[in-house]
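Me: Could you go through this one with me slowly? I'm still new to reading structures.

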Amino acid sequence: MNQEQIGKFIKENRENMNFTQEHLAEKLGLTAKSISRWENGKTMPDISMLGLLADTLHVSVRTIERS
């Protein structure tokens with residue numbers, strides 16, 4: 001799993017759903033700063049968060065992992 005590619009994938013999918021970072025963060029119970037760090041490739045979502053993230057973005061966990 002490439003941190004930067006996953007960040008780009010999250011950003012693309014978030015934007016395709018017309019979500020702001022704040023909106024996605026609220027749905028996941030996180031801060032917008034956390035989402036920003038993911039999208040910029042500085043950190044990765046915690047493995048425990050992948051299921052909820054995938055559901056929220058309407059993709060599979062596998063799709064996120066392969067991005």
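What follows is a short chat about the fold, the core and one leucine.

Reply: A word on the source: this is a predicted model, where local features need pLDDT of at least 70, side-chain atom pairs count only at pLDDT 80 or more, and totals for chains, interfaces and linings use all residues. Residues are numbered from 1 along each chain as its sequence is written, and side-chain values use heavy atoms, with hydrogens and water left out.

Me: OK, how many helices and strands does the protein chain have?

Reply: The protein chain has five helices and zero strands, taken as DSSP runs numbered from the N terminus (helices are H or I, at least four residues; strands are E, at least two).

Me: And which element gives the largest share of the largest nonpolar core?

Reply: That core has 15 residues, and Ile 10, Leu 24 and Leu 53 are among those with the most contacts inside it. The elements giving two or more residues are helix 1 (3–16), helix 2 (21–28), helix 3 (32–39) and helix 4 (50–57), and the largest share, four residues, comes from helix 4. A nonpolar core is a set of buried Ala, Val, Leu, Ile, Met, Phe, Trp, Tyr and Cys residues joined through side-chain atoms within 4.5 Å, and buried means under 20% relative accessible area, exposed over 50%, partly exposed in between (1.4 Å probe, protein chains only).

Me: New topic: why does Leu 52 count as partly exposed?

Reply: Leu 52, which lies in helix 4, counts as partly exposed because its relative accessibility is 38%.

Me: What does Leu 52 touch, not counting residues up to four places away in sequence?

Reply: Leu 52 touches Lys 27 and Leu 28 on that count, where contact means heavy atoms within 4.5 Å. Leu 52 and Lys 27 are 25 residues apart in sequence and 8.9 Å apart in space, C-alpha to C-alpha.
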